[in-house]
Amino acid sequence: MTVDVDVVVIGGGAAGMVAALRAARGGRSVALFEKSTQHGCNTQVSSGSLAAAGTRWQRAAGIEDSPQQQADDIVRESGDESTRPLVEALCAVAPAYLDWLNDDLGHTLELGGDMRRHGMSVPRLHTDPARSGGMALVRTLRSAIAAEDRVAFVDGTPGIGLIYETDRVAGAVVLQNGERTEVRSHAVVLASDGFAANADLVAQHIPEAVDDVFQGVSTSTGDALAWATDLGAATRCMTSFLGSGMVVPGYATRVNPSLPFRGALLVGRDGRRFVDEHEHGYSSLATVLRTLPGRRAVLVWDDVLHGPSLQSELMRESESAGAFRQYADAAALCAALGLDADAFTETVGGFVGWDEVTGVRRSLSAPYWAAPLTSGILATQGGLDVDTTGRVLRADGSWIEGLYAAGGTAAGISGPSSRGYSSGNGLLHALGLGWIVGNHLATTR
C-alpha cells in the first residue's frame with residue numbers, strides 16, 4: 001500500500017508534534033506516525049519546564065535576559081563551542097513558541113522564579129502554574145493535533161525505514177496493523193526519541209551508564225539513527241546523555257532538583273558531605289554519584305524546604321510512592337539509612353546551606369526529611385548531525401535532500417558527556433527544532 005503526503009513525521013513527542021503543527025500552518029498535509037502513545041515519549045516523563053530567555057514573563061518579573069545570554073550560558077556549561085550556531089538558533093525562537101503555547105494553544109505558563117538551576121545566570125525556566133510535568137505539555141500538543149485537519153496522527157504505527165531514490169529521501173516506510181506501508185512525501189522529519197532503551201547502543205556509546213537506573217521510555221530504541229546513517233548521515237556526541245543524580249533507588253522516581261540549590265545537604269553513605277551542592281546540575285551530579293560506593297548518596301532537607309519542594313510533579317510522584325521519609329532526629333535518620341551517626345551528626349551540625357532563590361544562608365533543623373539517591377539515565381543526547389534548519393548532514397557538510405531530524409534523533413546541545421547538560425536543554429532542543437523545521441517546511445517545497 002502507498003500513501004502520498006507533503007510531510008512525514010516519525011515520532012509523536014513534542015518535537016514531532018510541533019513540527020507537524022507548524023508545517024500544517026503553511027498548508028502542508030502531514031502524516032505523523034507514533035510508535036506507541038501507551039508507552040509514551042520522553043517529553044511526558046520530563047518536568048515539562050521550558051527554558052527561554054527574553055520572554056514577557058521575565059520582563060514582567062523585572063528580569064533582564066536575552067537569547068544570546070542564554071546561549072552563552074549553555075555553551076559555557078557544555079564546553080562545546082561547535083554547537084553555538086544551533087544553540088543560538090534554538091534560543092532565538094524559544095520566546096516565540098512560548099507565546100504560541102500560551103496564547104494559541106491555551107497552555108498557560110508562568111516563570112518559575114524559584115526554579116534556579118546550576119549554570120543559569122538568571123531564572124528562565126517556565127512552567128504551567130500547577131507544575132504538572134511534561135504530560136500536561138503532551139496533552140496540550142495532542143489536543144492541537146486533533147484539531148488540525150491537515151495532520152493525521154497515526155498511533156501504534158512504528159517507522160521501519162526510509163524511501164531513498166533519485167538522490168533524495170522520498171518518504172518513509174511504516175508498519176501499520178502489521179502491514180508494510182510506503183508513505184511518499186516531499187520531506188521526512190525523524191523526531192523519535194533517542195536510544196536510551198537500547199541496551200546494545202548504550203553499552204557501545206555510553207558504557208558508564210549501563211548500570212544506571214533507566215528513567216526514560218521503552219520506545220526510545222534509536223531505530224531512526226540506522227536508517228539515516230545507512231544513507232551517509234553523520235552523527236555527533238554519541239557519548240552524551242541526560243543523567244540524573246536525583247533518582248531514588250528502589251522507586252525509580254526523582255526528587256525535586258531544586259532542593260540542593262535551596263539549602264539541602266548531600267552526604268555519602270559514610271555520613272559525610274562529598275560535594276558542593278551548588279556545583280552540579282542534576283545530570284552532572286550523576287557523574288559524581290557513579291564514583292561513590294554502591295553509587296549511593298543521601299539528600300537531607302527540613303520542613304522549611306519541604307513545602308516548596310512539593311510544587312514539583314516529580315516530587316509529588318515520589319511522595320505518593322513513599323520514596324522519602326521524615327525522621328525525628330539525626331539518630332533516627334542514620335539508623336534507617338545506614339549512615340555513620342557520628343560523622344553525619346558532625347556534618348549536619350556544621351552545615352550552613354544557601355538558598356539561591358532567597359539568598360538566605362541557614363542550618364537545617366530537625367525533624368529531617370531524607371531520600372537515598374543513585375544515578376540514572378533519562379535520555380541520550382547524541383544523534384544525527386543537523387544544521388540550523390534541522391536538515392540532516394553528511395560528514396562532508398552536505399545535507400541529505402528531503403531529510404530532517406529533531407527531538408532525540410538529532411544530536412543535542414549539551415556537549416560530549418552528561419556533565420554539560422543544562423536544565424531545560426532537552427525541551428529547548430525538542431520544541432526549538434520542531435518549531436524551526438516545521439516553519440521551514442511550511443514555506444518551502
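Colleague: How many aromatic pairs does the count come to?
Modeller: The model is a predicted one. Rings of Phe, Tyr and Trp pair if their centres lie within 6.5 Å. By this rule, the number of aromatic pairs is 7.

Colleague: Is the pair of Y97 and W435 stacked, edge-to-face or tilted?
Modeller: Planes under 30 degrees apart count as stacked and planes over 60 as edge-to-face, with the rest as tilted. The ring centres of Y97 and W435 are 6.1 Å apart and the planes stand at 55 degrees, so the class is tilted.

Colleague: How many residues apart in sequence are the parts that this pair ties together?
Modeller: Y97 is buried at a relative accessible area of 2%, and W435 is buried too, at 8% relative accessibility. Y97 belongs to helix α4 (residues 84-104) and W435 to helix α14 (residues 425-443), so the pair links parts whose separation in sequence is 338 residues.

Colleague: Which residues form one aromatic cluster with W100, and which charged residue sits over the ring of W100?
Modeller: The cluster that holds W100 also includes Y97 and W435. Over the ring of W100, 5.4 Å from its centre, sits the charged end of R22.

Colleague: Which residue lies over the face of W399?
Modeller: A charge sits over a ring if NZ of Lys or CZ of Arg is within 6 Å of the ring centre and within 35 degrees of the ring normal. For W399 the distance from the ring centre is 4.4 Å, and the residue is R391.

Colleague: What is the geometry of the pair formed by F324 and W369, and are the two residues buried or exposed?
Modeller: The centres of the F324 and W369 rings are 5.9 Å apart, with 75 degrees between the planes, which is edge-to-face. F324 lies in the loop between α11 (313-321) and β18 (325-327) and W369 in strand β21 (residues 368-380), so the pair joins parts 45 residues apart in sequence. Relative accessibility is 6% for F324 and 15% for W369. In short, the pair is edge-to-face, while F324 and W369 are both buried.

Colleague: Which peptide bond is cis, with omega near 5 degrees?
Modeller: P367 is found in the loop between β20 (361-362) and β21. The cis bond, with omega near 5 degrees, runs from A366 to P367.

Colleague: How many residues of strand β14 are buried?
Modeller: Strand β14 (residues 241-248) pairs with β21 in the antiparallel sense over 5 bridges, and G243 has I377 as its bridge partner in β21. β14 is largely enclosed by the rest of the structure, because the buried residues number 8 of the 8.

Colleague: Which residue in the turn of the hairpin of β14 and β15 has a positive phi?
Modeller: β14 and strand β15 (residues 253-254) are joined by 2 bridges in the antiparallel sense, and V248 has T253 as its bridge partner in β15. The hairpin leaves 4 residues between the strands, and the turn residue with a positive phi, of about 90 degrees, is G250.

Colleague: N177 and C237 both have a positive phi; which is buried and which is exposed?
Modeller: Phi is about 55 degrees in N177 and near 50 degrees in C237. N177 is placed in the loop between β9 (168-176) and β10 (179-184), and C237 in the loop between β13 (235-236) and β14. With a relative accessible area of 75%, N177 is exposed; at 15% relative accessibility, the buried residue is C237.

Colleague: What is the radius of gyration of the protein chain?
Modeller: The chain has 14 helices and 24 strands, and 61% of its 445 residues count as buried. The globule rule gives 22 Å for 445 residues, and the chain comes close to that, so it is as compact as a globular protein of that length; its radius of gyration is 22 Å.

Technical notes. Residues numbered from 1 in each chain as written. Predicted model: local features only at pLDDT ≥ 70, side-chain atom pairs only at ≥ 80, totals over all residues. Heavy atoms only, no water. Phe/Tyr/Trp six-rings, centres within 6.5 Å; stacked < 30°, edge-to-face > 60°. Buried < 20%, exposed > 50% of the residue type's maximum accessible area, 1.4 Å probe, protein only. Pairing = 2+ DSSP bridges. Rg over C-alpha atoms; globule rule 2.2 N^0.38 Å.
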